[in-house]
Every structure is written in C-alpha cells, then in structure tokens.
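Hi,

Here is the structure I said I would pass on to you.

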Amino acid sequence: MKNSLIWFCRIAVGLLFIFSGLIKANDPLGFSYKLEEYFEVFHVTFLNDLALTMSIILCALEMILGFALIIGIRINAITWGLLLLIIFFGFLTFYSAFFKVVQTCGCFGDAIPLTPWQSFGKDMVLLLLVLVLFFNRDKMRPLVSTRTEIRWLIAATVIALGFGFYTYNYLPVIDFLPYKVGNNIADQMKTPPGAKPDEYELTYHLKNKATGAEKDISNTDYIKTGIWKDANWEIQGEPQRRLVKKGFEPKIRDLAINDGHGSDYTQELLSNPFYNLWIVAYDLKDTNNEALNRLDALAINLTQNYNVRTVLLTAASPADAAAFSKTHHLAMEIFHADGVPLKTMVRANPGIMLLKNGTVINKWHYHTAPGYDELVKQYLQKQ
C-alpha cells in the first residue's frame with residue numbers, strides 16, 4: 001500500500017508539474033506579463049527586464065523537475081527542488097488571495113484560469129503529495145541507469161528550454177486567447193440576451209438613537225427583519241458593496257480603438273467586410289523596426305493592388321506614434337488602443353493579424369510574417 005501511495009504521488013506530481021510548465025511555456029510572453037504583476041506587488045520592478053528570461057527558465061524548470069521525478073533522476077535533489085518550489089508558489093497564491101492583488105496566478109496560463117483561492121487550494125494539495133515523496137525519497141528507485149541519467153536530464157533540459165524559445169519566437173502552439181484564429185472579435189465583446197449580471201450585497205451600518213447600539217446588516221436582512229420600520233435605527237455612512245456572485249463577463253471587454261484625435265474606430269474596423277491587415281506594435285520603443293519597415297512595404301503593395309486596408313495599432317501616445325511614423329516613413333494608418341488588449345491580440349511586437357468581418361483569419365509573429373505573393377495566393381485571389 002505504501003509503495004502504491006508513493007507511486008501515485010510520484011506520477012501525479014510529475015505529470016502536474018510537466019503539464020503546468022508546458023502550458024505556461026506555450027505562452028512564455030504571457031507568463032512574463034504575470035511575473036511583472038508580481039514584481040509590481042513586491043516593489044521589485046527592476047526585475048522587469050528579466051521577466052521573459054525568468055518565465056522561460058521557470059517553465060522549463062517545472063517540466064524538468066516533473067520529468068526527473070517520474071523517471072527517478074537525482075531523487076534527493078529533485079524532491080528538495082519540488083518542495084521549495086511548491087512552498088514558494090503556495091506563498092505567492094496565498095498572498096494574492098489574501099491581499100487581493102494578482103487576481104489570476106497564471107498557474108496554467110490562459111488555458112485554465114484559476115482564482116487565487118483555487119490556486120492556493122491546488123498548491124496545498126500538491127504540497128501534501130510532495131511531502132509524501134520528500135519523506136519517502138529514500139524508497140524511490142530510478143527507472144534508468146546511473147550511466148544514462150545525465151543524458152536523460154540534458155535531453156529534458158534542451159527540450160524544455162527549446163520549447164519556450166520556440167513559442168516565444170513563433171507564437172503559441174495552441175492559442176487560448178480570445179483573439180485566436182477563427183474567433184470573431186465583435187462576438188467576443190458581446191453580452192448575450194438574458195445573461196446574468198454580477199450580484200452584489202449591500203451591508204448597512206446601523207445605529208440606534210435611543211440605546212446607542214450599533215450593528216451591521218445586509219440589505220436582504222434589512223428588508224426581511226423589518227428593522228427599517230423602527231425609526232430608532234439609522235443608517236450611518238455609505239453602505240458597503242460586496243460581490244456575491246460573478247455574472248457573465250465577455251471574453252473581450254477592454255478593446256477600444258481610437259485615432260490620434262480620440263475618435264472611436266472600433267466598430268468601423270471590426271465591420272470591414274474585406275480582408276484587412278492589423279499590425280500590432282503595442283510598444284513602439286521596443287518594436288522590431290526592421291520587421292515594421294518590411295510590413296509597411298507589404299502594406300503599400302496590398303493597398304495599391306488589392307485596396308487592402310492596413311492599420312498599425314499601438315499603445316504609444318499620438319505624439320510619439322506620429323513622430324515614429326515620420327521617422328520611419330510609414331504609410332499605414334495609425335490607431336491607438338490600451339496596451340493590455342494589444343498584448344493579448346498577438347504575442348509579438350510587431351505581430352500581424354489578418355481579419356475579415358471582424359473574424360481573425362490568421363495571425364503571425366514578425367519572424368514568420370507572410371510575403372506579398374503568399375497573401376495574394378492564399379487569401380486575396382480567393383475572395
């Protein structure tokens with residue numbers, strides 16, 4: 001029975017760490033944004049420049065530890081690593097939940113969003129399983145020989161790190177974001193008829209004029225008990241509002257596209273019935289200028305020959321964007337949006353999105369940006 005328990009914990013913990021690392025490594029840039037949120041909470045924003053590197057290494061570490069645990073490589077070091085890592089993750093999720101700071105921990109990326117308390121509960125269950133392994137580490141035996149374990153470890157490290165570098169340079173293998181290929185952006189912004197809104201509870205602070213007694217009561221009990229009929233009880237201050245039940249929330253709720261003068265172009269761009277190209281460069285100071293120049297040349301050819309509307313979306317200020325456009329002689333129309341939805345659209349700076357009627361037809365990292373002939377042959381000649 002004890003051996004069965006150890007093997008159960010060994011496989012469960014190993015697979016969960018591999019899965020968690022793999023899901024986050026599928027989108028290392030997204031996980032780096034989550035790390036930056038934690039850096040801000042703990043006032044260590046000087047680490048922001050290292051967020052991407054740390055993201056790729058942490059994801060790889062999870063996968064390596066999980067794999068090494070299952071096949072039994074360096075059991076003593078691996079169990080120590082797992083214990084320290086899960087204690088660290090448990091602290092972060094508890095801190096997020098208790099102080100209500102980072103409201104999604106990013107444990108499983110955007111594939112399985114968890115609330116902070118759900119994440120903390122998951123970490124505590126995982127901690128129990130890891131403790132079983134830690135205190136029985138002398139009873140676990142490797143599945144590979146001592147002679148070959150280094151080779152297995154090197155192979156696992158190369159694959160884990162390589163996957164993270166690949167997805168960073170060529171977009172996630174599986175896109176879990178609301179702007180993924182096939183999604184209609186306008187539909188992702190809608191609230192369907194009959195959808196339940198958020199439910200809130202009001203708490204009143206009452207004081208009795210006759211006795212001086214004070215108490216708090218919910219708006220439901222305030223009506224149900226009939227205390228409102230007693231003139232001696234007075235409401236003190238403003239009622240406290242608390243979310244009781246989360247209602248329907250659109251997948252996209254923060255997208256607003258404006259021109260340099262503040263005019264809203266969101267619906268106009270999303271309702272374009274023809275193929276149109278969005279070049280997303282949320283940060284012009286850190287964008288790849290060479291790639292942006294190539295894309296601008298592509299945009300000129302597409303506009304001249306097929307009347308394709310190509311726009312540049314950025315979070316830069318109108319003044320900065322105008323100066324950038326003048327310096328680089330850009331022919332694309334420039335529009336502005338908040339950095340959060342732009343980072344969510346495509347994990348590249350710049351990234352490319354091909355749309356039609358507001359539906360994402362395809363998207364590319366600038367490393368894999370399509371050429372003029374490819375776009376014409378695959379899409380424009382078929383429209």
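Let me start with L52: apart from neighbours within four places in sequence, L52 is in contact with P28, L29, S32 and Y168, where contact means heavy atoms within 4.5 Å. L52 sits in helix α3 (residues 51–71); helices (H or I, at least four residues) and strands (E, at least two) are DSSP runs, numbered from the N terminus. L52 is partly exposed, at 21% relative accessible area. On that scale, buried is under 20%, exposed is over 50% and partly exposed is in between, using a 1.4 Å probe and protein chains only. L52 and L127 are 75 residues apart in sequence, and their C-alpha atoms are 27 Å apart in space.

Before you go further, please keep in mind that this is a predicted model, where local features need pLDDT of at least 70 and side-chain atom pairs count only at pLDDT 80 or more, while totals for chains, interfaces and linings use all residues. Residues are numbered from 1 along each chain as its sequence is written, and side-chain values use heavy atoms, with hydrogens and water left out.

Next, R347. You will find R347 in the loop between α12 (339–345) and β7 (351–356). Is R347 buried or exposed? With a relative accessibility of 8%, R347 counts as buried. Its side chain makes a polar contact of 2.9 Å with the side chain of D27. A polar contact is a pair of N or O atoms within 3.5 Å; within protein, one must be able to donate a hydrogen and the other to accept it, and residues adjacent in sequence count only if both atoms are side-chain atoms. A polar atom of the R347 side chain also lies 2.9 Å from the backbone oxygen of K343. Leaving out neighbours within four places in sequence, the contacts of R347 include D27, L29, Y33, D110, Y168 and H365.

The peptide bond from N349 to P350 is cis, with omega near 10°. Two residues also have a positive phi without being glycine. One is R74, with phi near 45°, in the loop between α3 and α4; R74 is partly exposed at 44%. The other is K100, at about 55°, in the loop between α4 and α5 (116–135); K100 counts as exposed, at 66% relative accessibility. For background, most residues other than glycine have a negative phi, and most peptide bonds are trans.

Now the aromatics. How many aromatic pairs does a search of the whole structure find? There are 18. Rings of Phe, Tyr and Trp (its six-membered ring) pair if their centres lie within 6.5 Å; planes under 30 degrees apart count as stacked, over 60 as edge-to-face and the rest as tilted. F88 and F89 have ring centres 6.0 Å apart and planes at 45°, so the pair is tilted. F88 is partly exposed at 42%, whereas F89 is buried at 17%. Y95 and F99 are a tilted pair too, at 4.6 Å centre to centre and 40° between the planes. Both Y95 and F99 lie in helix α4 (residues 75–99), four residues apart, about one turn of the helix. An aromatic cluster takes in F42, F91, F94, Y95, F98, F99, W117 and F120.

Helix α4 also holds T93, which is buried at 3%. The side chains of T93 and D123 are joined by a polar contact of 3.0 Å.

Last, the sheet. Five strands form an open sheet in the order β6-β5-β4-β7-β8, with mixed pairing; two strands pair if DSSP finds at least two bridges between them. At the edges stand β6 (333–336) and β8 (359–365), each with a single partner strand, so one side of each has no neighbour in the sheet. Strands β4 (residues 276–280) and β5 (residues 309–314) run parallel and are joined by five bridges. W278 stands opposite V311 in β5.

Cheers
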